[in-house]
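Keep the viewer open as you read.

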Amino acid sequence: MSDLVPERSASGHSAAAPDRAAAAARIELERLWEQGTRFLGTRHAILGGAMSWVSERNLVSAISNAGGFGVIACGAMGPDLLAKEIAATRALTDKPFGVNLITMHPQLGDLIRVCIEHQVGHVVLAGGIPPGAAVRAIKDGGAKVVAFAPALVLAKRLARTGADALVIEGAEAGGHIGPVSLTVLAQEILPHIRDVPVFVAGGLGRGDAILGMLEMGAAGAQLGTRFAASAESIAHPRFKQAFIQASARDAMPSVQLDERFPVIPVRGLVNDGTRRFLVHQGETLRRFQSGELSKEAAQLEIEHFWAGALRRAVIDGDVDGGSVMAGQSVGMVSSIQPIPEIIAELVEQAVQVLAARAARYGA
Ligand SMILES: Cc1cc2nc3c(=O)[nH]c(=O)nc-3n(C[C@H](O)[C@H](O)[C@H](O)COP(=O)(O)O)c2cc1C
């Protein structure tokens, strides 16, 4: 697996030198992401980002069993279903995992209660700035709060008001996205947030890129796209095949036709559905302009277009009409790999960079 340095280097290192270099590099990596591993209680500071319909017991437990941190996507599940999913995940792993809750879920309070009752250690709050009451309820229940920070001012505020860790997610990511790339968010936020761990997400597909972020001050990395196409993912074979065939440029944000009718940007593979969405917006606009639809009704028409579309793609395999959410890192998915192999590969890529650097400049 390792092509760290030649068996005998110009400086006369023995054949054991590569092993020693790799061992030293592993220790260095452990030091670099120690804030993250300590916070998560894991071997590696690699989170499996929650993905609706994809991040269920099988994927989540596989990630946690491989030394990463799996996160259940609650999505639209109600409290009973979530309780079942947590229990089923715990039956598959004795390692830590988290639960991702969407803040606008109408039963957010009940879902938090379920997490606390099931002693989930980490609750990730997604879909907007988390309400103070939700943050307090999670912390009072003894769990840690992870929140998404889309800008430095909000990162500072979230850290001040109780978030125990932050995720900064660049526009390269799959699913719902903000407007700013991870490269820029990392530079804006990482140097200024030291009190809580900051995990980076969006466009990460290799261990050397993760290493770069750790060296900039990240505590760890969150990946979604690579894990969605893993062997353990329950996504339909056609969904995974679409990932294997796609390149980075196929994963595009949804397009908004008219600023009066906002479309939440979602990154996914361009397909017949994304093309029909443009036509649908055009027709809806015409019906609004002719007076056939009120503004509210037109907005609802546009929003309803994608209802159930992610499930259709992930579970039913409708990759032509469904919503095939994927990040730009989809270009780095070239086969269906088991989770332990993906995680080992990411770690090894980071270790190789560190070992090669030590060989070049001296440990
Ligand atoms: C198919 C898919 C579904 C997703 N669903 C969710 C979700 O329900 N909640 C959430 O917070 N993030 C969601 N995400 C974002 C991931 O958790 C993760 O942050 C993102 O995939 C990281 O970037 P990457 O795709 O470049 O690896 C989703 C991503 C994908 C690809």
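Which residue in β9 is the bridge partner of Leu47? The partner is Gln222. This is a predicted model, in which local features need pLDDT of at least 70, side-chain atom pairs count only at pLDDT 80 or more, and totals for chains, interfaces and linings use all residues. Residues are numbered from 1 along each chain as its sequence is written.

Now the strands around that pair. Strand β1 covers residues 46-48 and strand β9 covers residues 220-223. They pair in the parallel sense over 3 bridges. Two strands pair here if DSSP finds at least two bridges between them. Helices (H or I, at least four residues) and strands (E, at least two) are DSSP runs, numbered from the N terminus. Strands of a sheet pair through backbone hydrogen bonds, either parallel or antiparallel.

β9 also pairs with β8 in the parallel sense, over 3 bridges. There, Val200 stands opposite Ala221. Both faces of β9 are covered. Gly220 and Gln222 are buried on one side, Ala221 and Leu223 on the other. A residue is buried if 20 or more other C-beta atoms lie within 10 Å of its own, exposed if 12 or fewer, and partly exposed in between; C-beta atoms are placed from the backbone.

Next, look at β3, residues 97-102. Of its 6 residues, 6 are buried, so β3 is largely enclosed by the rest of the structure. Phe97, Val99 and Leu101 lie on one side. Gly98, Asn100 and Ile102 lie on the other. Strand β2 (residues 69-73) pairs with β3 in the parallel sense over 4 bridges. Val71 has Gly98 of β3 as its bridge partner.

Turn to the helices. In α8 (residues 182-189), Leu182, Leu185, Ala186 and Ile189 are buried. They cover an arc of only 100° around the axis, which puts them on the same side of α8. The arc is that of the directions from the helix axis to the C-beta atoms. Val184 and Gln187, on the other side, are exposed. The cover over the buried residues of α8 includes α7 (152-160), β6 (165-169), β8 (198-201) and α9 (207-215).

In α9, Gly207, Ala209, Ile210, Leu211, Met213 and Leu214 are buried. Their cover includes α1 (17-32), α8, β8, β9 and α15 (339-361). After α9 comes Gly217, with a positive phi near 120°.

Finally, zoom out. The chain divides into domain 1 (17-235 + 335-361) and domain 2 (247-325); these bounds come from an automatic or database domain assignment. Their C-alpha centres lie 28 Å apart. Contact means C-beta atoms, placed from the backbone, within 7 Å.

Notes: Two residues are in contact if their C-beta atoms, placed from the backbone, lie within 7 Å.
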